[in-house]
Amino acid sequence: MSDAIKHECGIALIRLRKPLDYYIKKYGTPLYPINKMYVLMEKQSNRGQDGAGLANVKIDVPAGSRYISRYRSVENRPIVDIFSRVNEKYRSVLKNQPDKFKDAEWLQKNLAFTGEVWLGHLRYGTHGKNEIENCHPMLRQSNWRSRNLVCAGNFNMTNADELFRKLVTLGQHPKDQGDTVTVMEKIGHFLDEENQRVFERFKGIYDNPALSDIIEDNMDLQRVLHRACRDFDGGYALAGITGYGSSFVVRDPAGIRPAYYWADDEVVVVASERPPLKAAFGAKFDDIKELSPGNAVIIDKYGEFGEFNIIEATERKACSFERIYFSRGADDEIYQERKNLGKLLVPQILKEIDHDLENTVFSYIPNTAEASFYGLMEGMENYLTQWRIDQMKGGNVSDERMEKIMKFRPRYEKLVSKDVKLRTFITNDNDRGEMVAQVYEMTQGVVRRGKDTIVVIDDSIVRGTTLEKSILKLLDKLGPKKIVIVSSAPQIRYPDCYGIDMSKVKEFAAYRAMLALLNEKGLDYMKEEVYQETLRAFANKKSHKSNYVQKLYNTFDYEEVSRKIAEILKPENLKAELAVIYQTVENLNKACPKNLGDWYFTGNYPTRGGNRVVNKAFINFMEGREVRAY
């Protein structure tokens, strides 16, 4: 993605199903769970580089002993920072008391991060400062072990304000209004109520010390999660550990945010993606299960687990951006889907270049568009196979012509290289544009000046800023007669409110193009009409009923908006002709049939809060307010 955006977060949960001594004897080290968690988190570092966190819970420790450990970091390499600190504890034992290094009983009595339940988190902050307090896992503490809660998630709630008010109505005094705190406190509130319910059931039958164990054995986490999650509006994969060692991961009813799990007789593991499970544990992709929308994986304090329904599932709308860009391409399904995205663009590209493959050079913007590029070239080869057959059918083909037909191949080169070591820290927009240009290098000598067309595929175009300020200018220096920028994703028209940092509509290239078209065609009055409609909707508490901004886009056809985007992004003094091609929504859904969540492209939001957010974003735009819509 040439325009970097912040997105998603990553979660990783490991539950050891055997005593620590088992892993020491089998694997020769007490670091087995630490090493596995490190791999899980590093293999998901694509999902969060603003910060990281790690929590560990020991099960059945005596009173007076610490049983919850947690480290969080916002250092430059937060995962490395956290695990270096954890490993330092073990190195100290190995150095000063080497005879205790493989003594499981001694380690669990004397050393932190030796428990059975592990929860890791990778943070991409969509809002809020990048401070340690904003890093997960979050901790809700109590002197009752069963009331403690460690919580982390990949989520955004559209109704955080409503959740906050409900907590206040319940008599709580939350320390923050953000959705992270309100979500944890909501689950914590019903965890408290479940504790009280079980306490009332068994008090008088058991004495208080024994009653604690009875409470833990009879807690109904499925009930807790149902009561907590029924008020949530958003996309979420929420993970938690109770103080007594039960744990869970729950997924939103539309399946917007991803979660996968795998288990054998040694561990139960949950992660945001499949490849980390394969990398850490050698799990076969076919054995890794996707957590169903509206369900939770619940693991009790004894290591027994199951998948349970929490909230009735709605129409599945798993985030399509996971397949286009966010998730690791090492997942075989995702890799094939990205290739298909490129392959399905072939007809549009051939039309744009007037089928002149002889004078066209294909390339891609590194590095996440690489798989789509391979699919595009495979699609071009398929087209040429049929072209060759058609040429042969004409008959009377000379040997010279035959040889030319058989040898002809589409031309492709790596035109754009990115220096990942060169980072830009400048905040001034003018200076940043110049610095960003230095990140990219162009391959010289492969484009015939004034004769060739360059076709470059990107996985998506959000704002188009990097294209406009650097890439197009650099490509133009190669001397092509025409530049065609291809997006393997459709036009991003609407804000996301379920985890991606795309909340201000005026930043989108498609939105700017739509506004320009309204102005050109004398339709500016429509903005005021839609503005008044949205104001009435909020006044009548019906802002969730409809996405009023769709009316503005529906005034123009898809290709008309693409042409206007090309005009807007074209730098001054660009010599080459410029065209921009976007994937169609129909082909996106064809390529990624399991992830049909396409609200940022279509405006069809899967929850009530989505319409409220897009309508609020439009009001903010009309009133000139530079704030988030949720």
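This is a guided tour of one structure, stop by stop, with what to select and what is found there.

The model is predicted, so local features are taken only where pLDDT is at least 70 and side-chain atom pairs only at pLDDT 80 or more, while totals for chains, interfaces and linings use all residues. Residues are numbered from 1 along each chain as its sequence is written, and side-chain values use heavy atoms, with hydrogens and water left out.

**The parallel sheet**

Next select strand 18, residues 453-458, together with strand 14, residues 360-364, which pair in the parallel sense over five bridges. Within this pair, Phe362 stands opposite Val455, and Ser363 has Val456 as its bridge partner. Strand 18 also pairs with strand 19 (residues 482-487), again in the parallel sense, over six bridges, and there the bridge partner of Thr453 is Lys482.

Is strand 18 mostly covered or mostly open? Strand 18 is mostly covered, as six of its six residues are buried, where buried means under 20% relative accessible area, exposed over 50%, and partly exposed in between (1.4 Å probe, protein chains only). Colouring the side chains by direction separates Thr453, Val455 and Ile457, which point one way, from Ile454, Val456 and Asp458, which point the other way, and all are buried.

**Helix 17 and helix 20**

Now select helix 20, residues 558-569, and helix 17, residues 509-520, which pack at an angle of about 100° with their axes 8 Å apart. The axes are lines fitted to C-alpha atoms, for helices over the stretch in contact, and angles run from 0 to 180 degrees between N-to-C directions. The two helices, helix 17 and helix 20, are therefore roughly perpendicular to each other, on a scale where angles under 35 degrees count as roughly parallel, over 145 as roughly antiparallel, 65 to 115 as roughly perpendicular and the rest as oblique.

The contact (heavy atoms within 4.5 Å) is made on the helix 17 side by Ala509, Ala510, Arg512, Ala513, Ala516, Leu517 and Glu520, and on the helix 20 side by Glu560, Val561, Lys564, Ile565, Glu567, Ile568 and Leu569. By class, the contact of helix 17 with helix 20 has nine nonpolar, no polar and five charged residues; Ala, Val, Leu, Ile, Met, Phe, Trp, Tyr, Cys and Pro count as nonpolar, Asp, Glu, Lys and Arg as charged, and the others, Gly among them, as polar.

Staying on helix 20, select its buried residues, among them Val561, Ser562 and Ala566; the buried residues of this helix pack against helix 16 (465-476), helix 17 and strand 20.

Move on to the open sheet of six strands, which has the order 5-6-7-8-12-13 and antiparallel pairing. Strand 5 (138-140) and strand 13 (305-309) are the edge strands, each pairing on one side only. Strand 5 and strand 6 (residues 149-157) pair in the antiparallel sense over three bridges, with Arg140 opposite Leu149.

For helix 7 (residues 208-218), select the buried residues Leu211, Ile214, Ile215 and Glu216, which pack against helix 6.

In the loop between strand 4 (117-123) and strand 5, select Pro137, which a cis peptide bond joins to His136, with omega about 0°.

In the loop between helix 4 (104-110) and strand 4 lies Phe113, which has a positive phi of about 60° although it is not a glycine. Is Phe113 buried or exposed? At 1% relative accessibility, Phe113 counts as buried.

The last stop is His355, in the loop between helix 12 (346-352) and strand 14, where phi is near 60°, a positive value in a residue other than glycine. At 43% relative accessibility, His355 counts as partly exposed.

Methods: Two strands pair if DSSP finds at least two bridges between them. Helices (H or I, at least four residues) and strands (E, at least two) are DSSP runs, numbered from the N terminus.
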